[in-house]
Structure formats: structure tokens, C-alpha cells
Amino acid sequence: MTFEIRWPDGSARHYYSPSLVVEEYLTAGESYPVEEFVRRSREALGIAGERVRAKYGFPCSRAAASLAAIEQTAAGFADGSVRVERLTR
């Protein structure tokens with residue numbers, strides 16, 4: 001699944017998760033403080049990656065790349081909120 005978010009500066013980005021678990025952590029139309037968005041993303045993508053590891057014997061590199069990109073972008077914002085625009089299965 002992919003999730004599209006809008007950062008505090010107005011830029012939009014798409015991220016990938018191999019699992020629908022993201023729907024348990026993020027809600028389309030909701031806004032989260034940057035720190036909370038990163039925490040929720042870290043938990044959801046961590047679970048998603050572990051599900052891939054359990055099934056295939058290795059974690060999902062795309063989920064790890066999504067988390068790394070989220071953490072890198074978030075580091076540029078001292079505050080503000082992230083809006084979840086949509087979740088797509």
C-alpha cells in the first residue's frame with residue numbers, strides 16, 4: 001500500500017508499506033505533529049518489515065527506505081504537522 005502525506009512546508013510525498021498495518025497507525029484526512037507522525041510511521045513500517053521477514057526471511061527494503069526518507073525529511077522541521085492525504089491499497 002502507499003500513503004500520501006503533506007509536510008508542514010506544503011510538499012507532498014508518497015511512501016510505501018508492504019502491509020496494510022499502516023491503516024492502524026495513520027488515518028486519511030488526519031494531521032499529526034511531525035514527531036508523532038514519525039513515531040507512528042516507525043511503528044507501522046517496523047511491523048510491516050517484520051511481517052515480510054517472517055514470510056520471506058528478509059525485511060522489506062522498500063519499507064526501510066520509506067522510513068529513512070520520512071526520518072530524513074522530518075529532521076528539517078522543528079514543529080508543524082503532517083497531514084495524511086490518502087491511503088491507497
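Start by selecting helix H1, residues 34-56, in this predicted model. H1 lies across strands E1, E2, E3 and E4, and its direction makes an angle of about 105° with that of E3.

Stay with H1 for a moment and check its length. Its 23 residues reach 32 Å from the first C-alpha to the last, close to the 33 Å expected at 1.5 Å a residue.

Next, show the side chains of Val34, Phe37, Val38, Ser41, Ala44, Leu45, Ala48, Gly49 and Val52: these H1 residues are buried. As you step along them, keep in mind that an α-helix has 3.6 residues a turn, so residues three or four places apart point the same way. What do the buried residues of H1 pack against? Colour strand E1 (2-6), strand E2 (12-16), strand E3 (31-33), helix H2 (61-74) and strand E4 (81-88), and you have their partners.

Now move just past the end of H1 and pick Gly57, where phi is positive, at about 90°.

Hide the helices and turn to the sheet. It is open, with 4 strands in the order E2-E1-E4-E3 and antiparallel pairing. E2 and E3 are the edge strands, each pairing on one side only. Look along the sheet for its twist, which averages 30° from one strand to the next.

Zoom in on E1 and E4, which run antiparallel and are joined by 5 bridges.

Finally, bring H2 back into view. H2 lies across E1 and E2, running at about 150° to E2.

Terms used:
Residues are numbered from 1 along each chain as its sequence is written. This is a predicted model: local features need pLDDT of at least 70, side-chain atom pairs count only at pLDDT 80 or more; totals for chains, interfaces and linings use all residues. Side-chain values use heavy atoms; hydrogens and water are left out. Helices (H or I, at least four residues) and strands (E, at least two) are DSSP runs, numbered from the N terminus. The expected span of a helix is 1.5 Å times one less than its number of residues. Buried means under 20% relative accessible area, exposed over 50%, partly exposed in between (1.4 Å probe, protein chains only). Contact means heavy atoms within 4.5 Å. Two strands pair if DSSP finds at least two bridges between them. Axes are lines fitted to C-alpha atoms, for helices over the stretch in contact, and angles run from 0 to 180 degrees between N-to-C directions.
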